[in-house]
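Work through the exercises below with the sequence and the 3D view at hand. Each task is followed by its solution in steps.

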Amino acid sequence: MRFDVVINGGRVLDGTGAPPYRADVAVADGKIAAIGRLGGAGAETVIDATGRFVAPGFVDCHAHGDAAVFDPAVQRAALRQGVTTFVLGQDGLSFAPGSAATVAYASRYFAAVNGPLGGPLAADGPLTVGELLGGYDRAVALNTAYLLPHGTIRYDVMGPSPEPPSRDHLAAMLRHVEQGLSEGAVGLSTGLEYLPGRYATAEELAALCAPLGGLSYVTHMRAYGPQAGVGMTEVIDIAERSGAAVHVSHLHGPADVLLPLVEEALGKGVDLTFDTYPYLRGNTILAMVVLPGSVPGAETDRALEMIASDELDGWWPTLDAVWPRLTVSHAPGMEWAEGLTIVAAAERDGSAPAEFCRRLLTETRLEAGVVSARPDEGPEGEESVRRMLRHPSHTGGSDGIYVGGHPHPRGFGAFARFLGRHVRELSDWTWEQAVVHLASHPARRFGLTDRGLVRSGFAADVVVFDPAAVGDRATYEAPRTLAAGVDDVLVSGVRVLAGGELTGATPGRALRP
């Protein structure tokens, strides 16, 4: 037989959890056509995988590449870690479905996270889930899957209102959910610390989860860290009311608190998974970190009026312990501050940290982003990360944000760090366990039933990596540094990375469950 691609001489990690075995892998018509000792099988492209592993492409369960995925530099950063699929629409906020006003809101409020929508998609019109997926399909080198963002849907129906939905409001939101699912969404996401998702009750969310069937309710919970019990109690309530499967986003914090909560949910029959990234710092919008709940962050002009007035004079001093932990990641118009802590930027500006923060929020119109160090950063935090990722319900997610001059390094290194540090150096997983956590488990979770395994007949998303060299190189000081050790990647049977460089091919599919 003659194939499109043959990968010769590698050791296959097939995604089932079985130990690696030596085999050649042949690809034809976008699918894995044969696995075994294929001898002199002919192909247009032959990849020598001697000394390397051959694995299914990794699924990033939490990526903020909704706009950034059109950037070849971001595609390269992901592929250099073995990531072939982004799950988008995270934290309840993205670009569809909604009217022009809703698209504008989502673009503005989450500007420091998702950035402006580009590529073949315009950010100034109404946008359906089908149109968004159509814009991704075969336009980029990566696959994309999309979660229905609850906050976007709520804003489209109710605007920034904090009130509970009326019966008519709820019916309108349900229509959005049902339509979005019919157009190919892989679940529903919430961001319960963001606006307007913060205003939703468990009753509202359970009603919107009812149409999901076997798909997942994916949640940025209402509380994390030591207060995660509050968030997890609500998760269990929503799951029990709706019957939905649950996936908890970026479940970070003390393992002694979090793992018993996970086990409690599983013990109650909740179908629960979660993702983590292997770092101790976060990255989000500055306004969410520093402004009290009384400030209507969804209403930019009103929020800026409050920041400029004396209404918050008693609030700013409560943040004195927070300022040293915040590093500016995104500051449009004040790019000189990116990469500096709030304290260092204030010193350069000749102002106090609180005053500088007020100026930063004002001049960026709340679009500033920050990398934030957690209080538990250190050996105990590192041990919690390791314990969380060893749990069988864990899947890999980068929470990658690609906006700004100095983003968190996780978007450029998380999956390579899982492999280099947590497999090769620390032995938290075996190589075969790593592929289950990073490929097959998340593919099943999001209904991508023809991905996540090296198996005949499956879509040929295939990664070839060097176990001795794979690892992250991005740091907090140099966050955009590319990972090492992944040089050859196929997406839907097409070589998109060769010798560590993009080939220019854009076979990425908008995946439907």
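**Exercise 1.** In what order do the six strands of the open sheet stand, and is the pairing parallel or antiparallel?

Solution. This is a predicted model, in which local features need pLDDT of at least 70, side-chain atom pairs count only at pLDDT 80 or more, and totals for chains, interfaces and linings use all residues. Residues are numbered from 1 along each chain as its sequence is written, and side-chain values use heavy atoms, with hydrogens and water left out.

Step 1: strands (E, at least two residues) and helices (H or I, at least four) are DSSP runs numbered from the N terminus; two strands pair if DSSP finds at least two bridges between them.
Step 2: the order is β10-β11-β12-β13-β14-β18, with parallel pairing.
Step 3: β10 and β18 (394-396) are the edge strands; each has a single partner, so one side of each lacks a neighbour in the sheet.

**Exercise 2.** Describe how β13 is joined to β14, and which helix packs on the sheet at about 160° to β13.

Solution. Step 1: β13 (residues 245-248) and β14 (residues 272-276) run parallel and are joined by three bridges.
Step 2: within this pair, V248 lies opposite F274 of β14.
Step 3: helix α7 (residues 228-242) packs on the sheet and touches β12 (216-220), β13 and β14, where contact means heavy atoms within 4.5 Å.
Step 4: the direction of α7 makes about 160° with that of β13; axes are lines fitted to C-alpha atoms, for helices over the stretch in contact, and angles run from 0 to 180 degrees between N-to-C directions.

**Exercise 3.** Check the span of helix α5, then list its buried residues and their packing partners.

Solution. Step 1: the expected span is 1.5 Å times one less than the number of residues.
Step 2: for the 16 residues of α5 (residues 167-182) this should be 22 Å, and the end C-alpha atoms are 23 Å apart, which agrees.
Step 3: A172, M173, V177, G180 and L181 are the buried residues of α5 (buried: under 20% relative accessible area, 1.4 Å probe, protein chains only).
Step 4: these buried residues pack against α3 (129-136), β10 (148-149), α4 (150-158), β11 (187-191) and α6 (202-209).
Step 5: after α5 comes G184, with a positive phi near 120°.

**Exercise 4.** At what angle do helices α8 and α13 cross?

Solution. Step 1: the axes of α8 (residues 255-267) and α13 (residues 379-390) cross at roughly 20° and come within 9 Å.
Step 2: α8 is therefore roughly parallel to α13 (angles under 35 degrees).
Step 3: A255, D256, L258 and L259 of α8 make the contact with S384, R387 and M388 of α13.

Conventions:
Buried means under 20% relative accessible area, exposed over 50%, partly exposed in between (1.4 Å probe, protein chains only). Angles under 35 degrees count as roughly parallel, over 145 as roughly antiparallel, 65 to 115 as roughly perpendicular and the rest as oblique.
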